[in-house]
Amino acid sequence: MGKGGTLSDSVIKKIVLSYSYVAIWIFLSFTVIVYNKYILDKKMYNWPFPISLTMIHMSFCSTLAVLLIKVFKFVEPVSMSRETYLRSLVPIGALYSLSLWLSNSAYIHLSVSFIQMLKALMPVAVYSIGVLLKKEGFKSDTMTNMLSISFGVAIAAYGEARFDVFGVILQLGAVAFEATRLVLIQILLTSKGITLNPITSLYYVAPCCLAFLFVPWIYVEFPVLRDTSSFHFDYAIFGTNSLCAFALNLAVFLLVGKTSALTMNVAGVVKDWLLIAFSWSVIKDTVTPINLFGYGIAFLGVAYYNHAKLQALKANEAQKKVQQGDEESGRLLEEKGGGDGEGKKIESED
């Protein structure tokens, strides 16, 4: 094979790998959502204890994260002071625990398909909280797009056959806490130059989440579990469920590391449509035409939002290249000027 053939092969290999990472992430994300629904739903496995399930996940993930970092040295821990941990990581851990608790609780009350439709509000929540905390600048066109997403979700909610007010409040609360967490990561960590991959995130955040969840668990779920003498811990179910949750974090590490966070956002849209189709065809959840029409509007808004972010990233990259080119040109001119000066000096000495 010639040079061109080798280049073509390497490009094809890169494309195949990228799509493989996307497929693995979609599969694991899909599996965790459906598995959690199966465990928590009263019509399925019938174990409606979302705090306990989240605590099992956090215990399992934090243990494996410690092993990967401390024993197997898979990734290096991030060096941070105790003050940084308390001021930055603890608030993020608190928000993460609330987000997971509420989102898992929503599966008891709402269908998988409707929850995915409500999750389309995530860009709206992230942008709104970013504006409130002065991390994002207010733009009328972006806000118009956010309103169109909200309008689409409202139509989807109007057409929901199994509408549950409490379930909707739980899911909207989960979206709000998760959006606040994402904005605070930018303010408290990224701005300080601290970057955490999914494994180091679990290493620092999972124990913190476990501590926060322990308080409501003692008062809400522990008394019920204690009085339920028929319950026996199913190691096969909860072990494989926790393993899927941890594998999902590793898949995020691969996907974002090898492609980009934007690719994950786009893949997330594909995953949501697959979950809606699965919820309708396999779980037999009712999906109405109004549901689909409303979510279609929200989907277009989210797609436009992702497109706008991609264009902004391209513009930033182009601007950086121009600045680098200007700096390089300036440096060359300075070197040339310095060389000419030295030449003149030598001539005058002669």
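Y35, Y38, Y45, W47, F49, F233, Y235 and F238 form one aromatic cluster. Rings of Phe, Tyr and Trp (its six-membered ring) are taken as a pair if their centres lie within 6.5 Å; a pair is stacked with planes under 30 degrees apart, edge-to-face over 60 and tilted for the rest. The model is a predicted one, in which local features need pLDDT of at least 70 and side-chain atom pairs count only at pLDDT 80 or more, while totals for chains, interfaces and linings use all residues. Residues are numbered from 1 along each chain as its sequence is written, and side-chain values use heavy atoms, with hydrogens and water left out.

The structure holds 15 aromatic pairs. One of them joins Y203 and Y204 in an edge-to-face arrangement, 4.9 Å centre to centre and with 80° between the planes. Both Y203 and Y204 are buried (buried means under 20% relative accessible area, exposed over 50%, and partly exposed in between, with a 1.4 Å probe and protein chains only). W217 and F222 form a tilted pair, because their ring centres are 5.1 Å apart and their planes stand at 50°. In this pair W217 is buried, at 17% relative accessible area, whereas F222 is partly exposed, at 31%.

**Overall content**

The protein chain has twelve helices and zero strands; these are DSSP runs numbered from the N terminus, with helices being H or I of at least four residues and strands E of at least two. Of the 350 residues in the chain, 41% are buried. Among contacts with a separation of 6 or more, 84% are between residues 24 or more positions apart, where contact means heavy atoms within 4.5 Å.

Two helix pairs are set out below. Axes are lines fitted to C-alpha atoms, for helices over the stretch in contact, and angles run from 0 to 180 degrees between N-to-C directions.

| Helix pair | Axis approach | Crossing angle |
|---|---|---|
| α5 (residues 122–132) and α7 (residues 165–189) | within 8 Å | roughly 50° |
| α3 (residues 82–109) and α8 (residues 198–220) | within 8 Å | roughly 60° |

With axes crossing at roughly 50°, α5 is oblique to α7. Angles under 35 degrees count as roughly parallel, over 145 as roughly antiparallel, 65 to 115 as roughly perpendicular and the rest as oblique. The crossing of α5 and α7 is right-handed; a crossing has this hand if the near helix is turned clockwise from the far one by less than a right angle, and is left-handed if anticlockwise. On the α5 side, M122, A125, V126, I129 and G130 take part, and they meet V175, A176, E178, A179, T180, L182 and V183 of α7. The residues of this contact divide into nine nonpolar, two polar and one charged. In this division Ala, Val, Leu, Ile, Met, Phe, Trp, Tyr, Cys and Pro are nonpolar, Asp, Glu, Lys and Arg are charged, and the others, Gly among them, are polar. Buried residues in α5 are P123, V124, A125, V126, Y127, I129 and G130.

For the other pair, the axes of α3 and α8 cross at roughly 60°, and the two helices are therefore oblique to each other. The crossing of α3 and α8 is right-handed. From α3 the contact draws on Y85, L89, V90, G93, A94, Y96, S97 and W101, and from α8 on Y204, V205, C208, C209, F212, L213 and P216. By class, the α3 and α8 contact has 13 nonpolar, two polar and no charged residues. Y204 of this contact is also a member of the edge-to-face pair with Y203.

**A residue in α10**

N249 lies in helix α10 (residues 235–258). N249 and I199 are 50 residues apart in sequence, and their C-alpha atoms are 7.1 Å apart in space. Leaving aside neighbours within four places in sequence, N249 is in contact with P198 and L202.

**Positive phi in loops**

Most residues other than glycine have a negative phi. K134 is not a glycine, yet has a positive phi of about 60°. K134 follows α5 and sits in the loop between α5 and α6 (140–158), where K134 is exposed, with a relative accessible area of 76%. K284, also a residue other than glycine, has a positive phi near 70°. The loop that holds K284 runs between α11 (261–281) and α12 (289–349). K284 is exposed as well, at 63% relative accessible area.
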